[in-house]
Every structure is written in C-alpha cells, then in structure tokens.
Amino acid sequence: MPYALFDLEATLALPPLTLTGEEAGLAVLVRHEGRPVAFWMEPLYPGAHLTTDDVARRVEAHAGPKLLRERLRAALAPAAARPAETPPLPPLTVAVCTRDRPELVARCLDALAALDAGDAGLPEPPEILAVDNAPSDGRTREVVAGRPGVRYVCEPRAGLDFARNRALAEARGDLVAFLDDDVVVDRFWLAGLAEAYAENPDAAAFTGLVLPYELETEAQVLFERRGGFRRGFEKLRYQGPERAGNPLYPCGAGVFGAGANMAFRRDVLLALGGFDEALDTGAPLPGGGDLDAFYRVVRAGYPLVYEPRYLAFHQHRRDVDGLRRQYRSWGLGLMAFVGKTYGADPAQRPKLRRLVRWWLRYQLGLLWAGLRGGDALPPRMVWAELAGGVAGLLGEYGRSARRVRRIREQAERGAGAARPVPAWTGAP
C-alpha cells in the first residue's frame, strides 16, 4: 500500500495529517524557511489521523536539534552576511540524459522551466540540454521541440556515460549539472547550487539531497525505507587524501552523493578525461560512472561539496523486479569501479581491499537479517546485490572496456563518426 508524502514548513502552523483509506504510512519532509532539515517515514494504518499536537511531537523528535540550529543561523544571519564579493554562480548548463522516456523528460523539463534564475543570482536561466541517447524513435525530440532555452542533442552510441560526455562537449556553461530524466527538481534547487558554489568557489563537484518523488508501490516504499539515495541534511565538504572517521575514504565513493543530481566544473572534468564510457553502459554494466567521477575529482585534489538545499525528487522503480535489477546494478557498478580503480590507482589498493571485505560483511549481515524476517530487506534483493558485486569483481570492467572500444571503432568507421567528446584517458 502507498505512503502519503507531506512537505511541512516549520515556520508556519503545522497542519493535521490524515491518510486515505488506501495509504499505509506517511513520509514527511520538514523545512525551515525552505531549507530541508529532516525526513522520516512511519507506517500507520489506512485512514489514520494525526492532530497538530501529534505532528508537532514528531517534528520535534525528528528535527528538533536541526531546527534550533537553523533558527540560530537565521538570527545571526545579518551579522554573518556574506560579503558583496561573494562569487556568483558561473554560467550553468543543465544536462538531462535520457533514452526512450519522453514522458519523464517532459516532467523534468517542466520543473526546470519553473525555476526562478533570480533566486540564484543568475541574470538569465541556465542553458538546458536534453541528450537523447541512442533513441528508437523521435518522441523525445518532439517533446523538446519548441521549448525555449532547451537544446536537443542526439548521442547515437548507447550508454549513459557516452551521453554525459556528449553533454560535456556540447555545454556552453562553465558548470554542468547532470540530472536523470526520472528526477524533478525542488523549487530551491538552483538557489541551493548557487549557495554551495558561493560557499565553496574552489569546489570542482557538487552533489545534493535526493528524496522520493512518490511512494506508491511496495518497491518504492521498500527502497526508501532502506535509505534510498539520501545522504543527510548537513552540508559536507570532501577534500584531501584522508577523512577522520572513514578509513575507506575516498574509495567508498557512494558517500559523496548520487549521480541523479550532481554538477561539475566543466574544465576540471574534461581535464580528467570526462566520464569513463566503460561504466554505465546499459544492461551489461548499468552503473559506476558517477562513483568513478566523484573519486577521480577528489583524488585529483579538488573539493567535492554536498549541499542538502540542492534538492531533487527521484521516481524510484515501481515494480519489485525493477528494484531487484537496481540492487544488482548497484553491486555490479560498485565492484566494477573497484576493479577498475585497483588497476588504475595502485596506491589505494589496501583501502580497496578493505572496502571489499567490509561490503561483503555488510551484505551478508543484511542477508542474515532478511532470512530472520521482520523489517529487513528481503533476501532476494540482497542476493541480487551480492550477485552483481561478484560479477563486478570477476572482471566485468575489463569486458565492458573491450565492448566500448569496439563501439568506438564502429562509430569511427561509420558515417559522421567525428565527435568532439572525450574518452576517459585511463580506459584500456
């Protein structure tokens, strides 16, 4: 049964919350003056009613300390106002990479069109690229046609990182934000990115909070209850070769954020070779490209910043089989990244070995908890992630690199093969 989604502003009177007869729980986002400060999920019974006092108690329990900090920050804001020379957001390109999902692209573009560039201090809206990856028809081109400020680009070679690299090559902005087509940006998304840049003008990469767009199915509720794509509500800055309290850093690149909502300085990412096209290749290897890009940025010495206000909502897989495939892709992408990095960055091999051992223990713990029943992740999901991880460890990156090399060679032999897109310099 679905969960109801509620978006509460803590500076306003809290409303009572009532579920319909079809809803079995709720998920609540709490904001303070628009800033996200907390999120929680709670199973209830169909038709449940929470009074304003019930809601207030829950908000205090889940968001109380953060709300106090936000109120203190707001009270001190005049004294701590940023100077006038605070760097504005540079020219921005937003790239939406897609394949045969015109309805999702239309929804994503509608949300981007509703943003107010003035909120982010931009004199004009950002450039928007819709990168159509090996389309089977012209529906996405038709969706984009006639939309002001949106440019259609077709990348004929199938693979998400081919599409991302085409976006890097085509972008006119100094900063390139990447969104998955099944994402809807929050109304403060652009302002959140601008704030992160103003506070960290030396950063080369930015990631943001990702919350569920809907919780309508068992698979979506299950995924979000495990944590979804969330990385918390605190600003984070990653820089340097070590991080206190994280012995796997920076090899555990999943801590940095989610590829569904990320941005890079174009010049830095191009200098690093762009996205590795042997990752995120579709069904054979459907993941790892974002992890690899985050890792290489940090290993090159650049800061990477996580900003909760840079918020987007993701439509999770609606069916259980789709969710199982996603978990398999997570294991496969992570361990393909590990296998690639083990060969490309020998200095990090001890950490990579520890990462593999930790991951296996963690997955086996999840499997044991699932077999015991209760509220744990179902064993079939854990098995899927484990199976993907094992495949990744058994040389999937090398096989994928060979496939991609053949794709490049075929494209070069074909008509119109010339392309101004980078190929990751470390790929075999």
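This is a predicted model: local features need pLDDT of at least 70, side-chain atom pairs count only at pLDDT 80 or more; totals for chains, interfaces and linings use all residues.
Student: Why is Ala134 called buried?

Tutor: Its relative accessible area is 13%. Buried means under 20%, so Ala134 counts as buried. Ala134 is found in the loop between strand 7 (127-133) and helix 3 (139-144).

Student: What makes the phi of Ala134 worth noting?

Tutor: Most residues other than glycine have a negative phi. Ala134 is not a glycine, yet its phi is positive, about 45°. Glu33 also has a positive phi, of about 50°, and is not a glycine. Glu33 lies in the loop between strand 3 (25-32) and strand 4 (35-43).

Student: Arg35 is in strand 4. Is this residue buried or exposed, and how do you know?

Tutor: Arg35 has 15% relative accessibility and counts as buried, because the cut-off for buried is under 20%. Leaving aside neighbours within four places in sequence, Arg35 is in contact with Val30, Glu70, Arg73, Glu195, Lys235 and Arg309.

Student: Why is the pair of Trp358 and Tyr362 called stacked?

Tutor: The ring centres are 5.3 Å apart and the planes stand at 10°. Rings pair if their centres lie within 6.5 Å, and planes under 30 degrees apart count as stacked. A search of the whole structure finds 17 aromatic pairs.

Student: How far apart are Trp358 and Tyr362 along helix 10?

Tutor: Helix 10 covers residues 349-371; the two are 4 residues apart in it, which means a separation of about one helical turn.

Student: What makes Trp358 and Tyr362 partly exposed?

Tutor: Trp358 has 39% relative accessibility and Tyr362 has 36%. Buried is under 20% and exposed over 50%, with partly exposed in between, so Trp358 and Tyr362 both count as partly exposed.

Student: Which residues of the largest nonpolar core touch the most other members?

Tutor: Phe178, Phe256, Phe264, Phe275 and Val338 do, in a core of 54 residues. Apart from it lies another core, of 39 residues, among them Leu92, Val96, Val183 and Ala263.

Student: What surrounds Phe256?

Tutor: Beyond its neighbours within four places in sequence, Phe256 is in contact with Thr207, Tyr238, Tyr249, Pro250, Phe294, Tyr295, Val298, Leu304 and Tyr306. Phe256 also belongs to one aromatic cluster with Phe178, Tyr238, Tyr249, Phe264, Phe275 and Phe294.

Student: How do you know that the bond between Tyr249 and Pro250 is cis?

Tutor: Its omega is about 0°, and this peptide bond is cis. Most peptide bonds are trans. Pro250 is found in the loop between strand 12 (236-238) and strand 13 (261-265).

Definitions and conventions:
Residues are numbered from 1 along each chain as its sequence is written. Side-chain values use heavy atoms; hydrogens and water are left out. Buried means under 20% relative accessible area, exposed over 50%, partly exposed in between (1.4 Å probe, protein chains only). A nonpolar core is a set of buried Ala, Val, Leu, Ile, Met, Phe, Trp, Tyr and Cys residues joined through side-chain atoms within 4.5 Å. Contact means heavy atoms within 4.5 Å. Rings of Phe, Tyr and Trp (its six-membered ring) pair if their centres lie within 6.5 Å; planes under 30 degrees apart count as stacked, over 60 as edge-to-face and the rest as tilted.
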